[in-house]
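Good morning, colleagues. Please have the structure on the screen before you as I proceed.

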Amino acid sequence: MFPTPVPKLVPNTYDFESKPMVKPTGFREYDARWLFGDEINLMGVQALGMGLGTLLGELGVARELVTGHDFRSYSASIKQALVNGLMAAGVKVHDIGLAVTPMAYFAQFDLDVPAVAMVTASHNENGWTGVKMGAARPLTFGPDEMSRLKEIVLTAAFDLSGGGSYVFHENFPARYLADITNRPKLKHPIKVIAACGNGTAGAFAPRALEMIGAEVIPMDAELDYTFPRYNPNPEDMKMLHAIRDAVLEHGAAVGLGFDGDGDRCGVVDNEGEEIFADKVGVMLARDLSALHPNSTFVVDVKSTGLFATDPVLIANGAKADYWKTGHSYLKRRVHALNALAGFEKSGHYFFNKPIGRGYDDGLVSAFAILDMLDRNPGKSMAELKNALPKTWGSPTMSPHCDDEKKYSVIDRVVKRFEEKKAKGELVAGQKIIDLVTVNGVRVVNEDGTWGLVRASSNKPELVVVVESPVSEARMREMFKSVDETLRENPEVGAYNQTI
């Protein structure tokens, strides 16, 4: 009998080595994230594998699964513990080794395997671990599957029928790279900074970009799981500023930054200015809707309002669908609507055919950006950006809020803004004309200025984004008003970065 997991154990003790520890809050809305050693131990990861194998059986999915791991000092050990649990639950495990997350998604198709469990903490800092899971390619788990998985694991309701097996696929990355680069080469020379933050993408991204004909200058592409310069997160201003410096030094056409598990791509233009991923999405939507008129694009609620108001997109018949933030939510919505693409402000992009297979892949996103430049040889990245209607937008800002408290805080914040709207109270000096509550609350003023507050799906944080089509001052007024409402809740802590 495998022991029932407990939420807390003390390291360097008999119990820590002999019992599974799994903190319940690690089961997030659409994947799993824990601080390794503080919130989960190796036996806890083994319990997760047992639970996932059990869930596959409940879902009626063949117990066969692809796994891989990102480049952190502990990820290989965590993967082996997960594999042990999966095999105990009768799963045939296909291990592709060190991989970016989209490589594992690709392996589901290439190896004709129904399920995936990628060991990665994504862009989270060192110390974090996690698993991105799915059982219906190209989709990943949503709240229903994650809730059931949590229940199975925390109650040890395992089906340990045994009979599992293990296969290692040697040099699988070559198959992935051959697949994504099986396309026309770029027609024009494009000098690219490929920034990898010493994370997993460093093993693959520079080579892939060279294979489609780009002139690549690798930056922090050497694998180093201490992440000595900055955390590989293309939403982090430290990474973006490092890319800016490299773009200006080398006279590059564009700087591309890849996150820790390679499913996101950040952009810095030829003038060294970072372009937030939602604005890059508008640029790509312009480019793609010219080739594919009347297309639908799914975007998350953190994203710019330009998807709905841009005159070029309107002229091309493009339709915008604002949806919940989160890679699993966007993926499912893109699939359900058969949209051409989905764009998330964090940099997760989802391309359906003829561009991709519906899942998020930072390299496929990078290729789409280079294709856009290749189709516009007379225009620089900065010129394409400057052709968009001007808006003033913030980066993603995240004040601390404990996992156990953040959702109740958001419920109170949503209710507070609903009260303000009902009473006709002013927010940022104007009345509220719209509240979008599909994911937290997006507060929209009469002049189109808006602010968003939601709970982070993968860290003990809230998420705040503001934008104005009028001025920087209006953007700052909205941030001040949103923050004042947040500060009515003492559970909300300091920001990681602010405007």
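The charged end of Arg137 is placed over the ring of Phe109, 5.4 Å from its centre. A charge sits over a ring here if NZ of Lys or CZ of Arg is within 6 Å of the ring centre and within 35 degrees of the ring normal. Arg442 likewise lies over the face of Trp450, at 3.6 Å from the ring centre.

A word on the basis of these values. This is a predicted model, in which local features need pLDDT of at least 70 and side-chain atom pairs count only at pLDDT 80 or more, while totals for chains, interfaces and linings use all residues. Residues are numbered from 1 along each chain as its sequence is written, and side-chain values use heavy atoms, with hydrogens and water left out.

I turn to ring pairs. A pair of aromatic rings is described by the distance of the centres and the angle of the planes. Rings of Phe, Tyr and Trp (its six-membered ring) pair if their centres lie within 6.5 Å; planes under 30 degrees apart count as stacked, over 60 as edge-to-face and the rest as tilted. By this rule there are 15 aromatic pairs.

Why is the pair of Phe106 and Phe172 called tilted? The ring centres of Phe106 and Phe172 are 5.8 Å apart and the planes stand at 45°, so the pair is tilted. Phe106 belongs to helix H4 (residues 101–110) and Phe172 to helix H6 (residues 172–180), 66 residues apart, and the pair links distant parts of the chain. Helices (H or I, at least four residues) and strands (E, at least two) are DSSP runs, numbered from the N terminus. Phe106 is buried at 2% relative accessibility, and Phe172 is buried at 0%; buried means under 20% relative accessible area, exposed over 50%, partly exposed in between (1.4 Å probe, protein chains only).

Phe109 lies in helix H4 and Tyr359 in the loop between strand S15 (349–351) and helix H13 (362–375), so the pair ties together parts that are 250 residues apart in sequence. Phe109 is partly exposed at 29% relative accessibility, whereas Tyr359 is buried at 9%.

Finally, Phe297, Phe307, Phe343, Tyr349 and Phe351 form one aromatic cluster.
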